Amino acid sequence: MTTGPHVSNFDQSVDEGVEELLAQGGWVPHAAMDHWGKVRRDEDGVYREEVWRYNVPVETMEAPTLSALMVVVNEKYGYD
């Protein structure tokens, strides 16, 4: 179970406070059925997600916005 601010594929949501936490250098989980991700925003303002499948990191993906990052990751790894 994920607690605290997070991104979820369950209802395609981004919790309140996520953008602020990422801007402060923190990270948030991206919970999905077929993958899990660790989302962060780098100093250059680019959003990056380290995507994990079956307890193994498989790829780091990036996008200019958090919503664009969700689309990029979900297009490849699934919206469930």
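**Questions about a predicted model**

Q: How many residues make up the largest nonpolar core?
A: Let's start with the members: V18, L22, V28, V39, Y47, V51, M61, A63, L66, L69, V73 and Y77. A nonpolar core here is a set of buried Ala, Val, Leu, Ile, Met, Phe, Trp, Tyr and Cys residues joined through side-chain atoms within 4.5 Å. Buried means under 20% relative accessible area, exposed means over 50% and partly exposed lies in between, with a 1.4 Å probe and protein chains only. The size of this core in all is twelve residues.

Q: Which element gives the most to this core?
A: At least two core residues come from each of α1 (18-23), β5 (47-53), β6 and α2. These labels are DSSP runs numbered from the N terminus, with helices (H or I) of at least four residues and strands (E) of at least two. With four residues, the element that gives the most is α2.

Q: In what order do the elements of the protein chain run from the N terminus on?
A: The inventory is two helices and six strands. Read from the N terminus, the elements follow one another as β-β-α-β-β-β-β-α.

Q: How much of the accessible surface of the protein chain belongs to carbon and sulfur atoms?
A: Of the 80 residues in the chain, 34% count as buried. The accessible surface, from the Shrake-Rupley method with a 1.4 Å probe, comes to about 5000 Å². The share belonging to carbon and sulfur atoms is 52%.

Q: How far does helix α2 reach from its first C-alpha to its last?
A: Helix α2 spans residues 66-77, twelve residues in all. The expected span is 1.5 Å times one less than the number of residues, and for α2 that expectation is 16 Å. The helix comes close to it, with a reach of 16 Å.

Q: How wide an arc do they cover around the axis of α2, the residues that are buried there?
A: The buried residues of α2 are L66, L69, M70, V73, N74 and Y77. They share one side of the helix because the arc they cover around the axis, taken from the directions to the C-beta atoms, is only 120°.

Q: Which exposed residues does the face of α2 turned away from its buried side carry?
A: Just after α2, G78 has a positive phi of about 110°. Back on the helix, the face opposite the buried side carries S67, E75 and K76.

Q: What is the relative accessibility of V51?
A: V51 is in strand β5. Contact means heavy atoms within 4.5 Å, and beyond four places in sequence V51 is in contact with H35, W36, G37, V56, P57, V58, E59, M61, V73 and Y77. V51 counts as buried because its relative accessibility is 0%.

Q: What distance separates the C-alpha atoms of R53 and G37?
A: R53 also sits in β5, but it is partly exposed, at 26% relative accessible area. Leaving out neighbours within four places, R53 is in contact with D34, H35, V58 and Y77. Along the chain R53 and G37 are 16 residues apart, and their C-alpha atoms are separated by 8.8 Å.

Q: What is the phi of N55?
A: N55 lies in the loop between β5 and β6 and is exposed, at 71% relative accessibility. Y54 lies in the loop between β5 and β6 too, with a positive phi near 55°. N55 is a residue other than glycine, and its positive phi is near 65°.

Note on methods:
Residues numbered from 1 in each chain as written. Predicted model: local features only at pLDDT ≥ 70, side-chain atom pairs only at ≥ 80, totals over all residues. Heavy atoms only, no water.
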